[in-house]
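Please open the model in your viewer and keep the selection panel at hand. The stops below move from a pair of strands to a pair of helices and then to the pockets.

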Amino acid sequence: MNYKLCDGEYHLMELVWELEPVTSTALYKECLPRLGWKKSTTYTLLRKLCERGLLLNQDSIVTSLVKKDAIARFDSKDLIEKRFDCSLPKFIAAFLGEKKLSKDEAHELQQLISRYEEK
């Protein structure tokens, strides 16, 4: 499934993840002060995300059908494929740049690598 979201779609998804289950009216009322969106903008994006199977709006109750970590995985994979020739080391090197890792951060990354390393 394609989880590619524009910024506005992602902002709406974030609100749903935070508030779900949430009524469509309450969602609109949260979008107004937080995002400055009119009712029509909120409902248009809500409808599009429902059509794509990312949200469910049943009896005016909105819930997510896709979790935040699934979107993050898709975005990360897409970015690494498009910008870093499918190379995770190139991505990490670019992300870190001149930044130095603390001993705790380096240890945490080493543990992650060990957990996902092919045996």
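Begin by selecting strand S2 (residues 55–58) and strand S3 (residues 61–64), which run antiparallel and are joined by four bridges; strands here are DSSP runs of E with at least two residues, helices are runs of H or I with at least four, both numbered from the N terminus, and two strands pair if DSSP finds at least two bridges between them. This is a predicted model, in which local features need pLDDT of at least 70 and side-chain atom pairs count only at pLDDT 80 or more, while totals for chains, interfaces and linings use all residues. Residues are numbered from 1 along each chain as its sequence is written, and side-chain values use heavy atoms, with hydrogens and water left out.

Staying with the strands, select Gln 58, which stands opposite Ile 61 in S3. S2 and S3 form a hairpin with two residues between them, and Asp 59 in the turn has a positive phi of about 55°.

Next, select H1 and helix H2 (residues 24–35), which pack at an angle of about 125° with their axes 11 Å apart; the axes are lines fitted to C-alpha atoms over the stretch in contact, and angles run from 0 to 180 degrees between N-to-C directions. That angle makes H1 oblique to H2, given that under 35 degrees counts as roughly parallel, over 145 as roughly antiparallel, 65 to 115 as roughly perpendicular and the rest as oblique.

Now turn to the largest pocket, with a volume of about 600 Å³. A pocket is an open set of points on a 1 Å grid over the protein atoms alone, where a 1.4 Å probe fits, with protein on both sides within 12 Å along at least five of seven lines, and lining residues have an atom within 4 Å of a point; the volume is the space filled by probe spheres set on the points, which are joined across faces, edges and corners. Of its 15 lining residues, select Leu 88, Ile 92, Leu 109, Leu 112 and Ile 113, which lie nearest the centre. Helix H4 (68–83), helix H5 (88–96) and helix H6 (103–116) each give two or more residues to this lining, and H5 gives the most, with six.

Finally, select the lining of the second largest pocket, which includes Lys 4, Tyr 10, Asp 75 and Arg 83, around about 170 Å³ of space. Helix H1 (7–19) and H4 each give two or more residues to that lining, H4 giving the most, with six.
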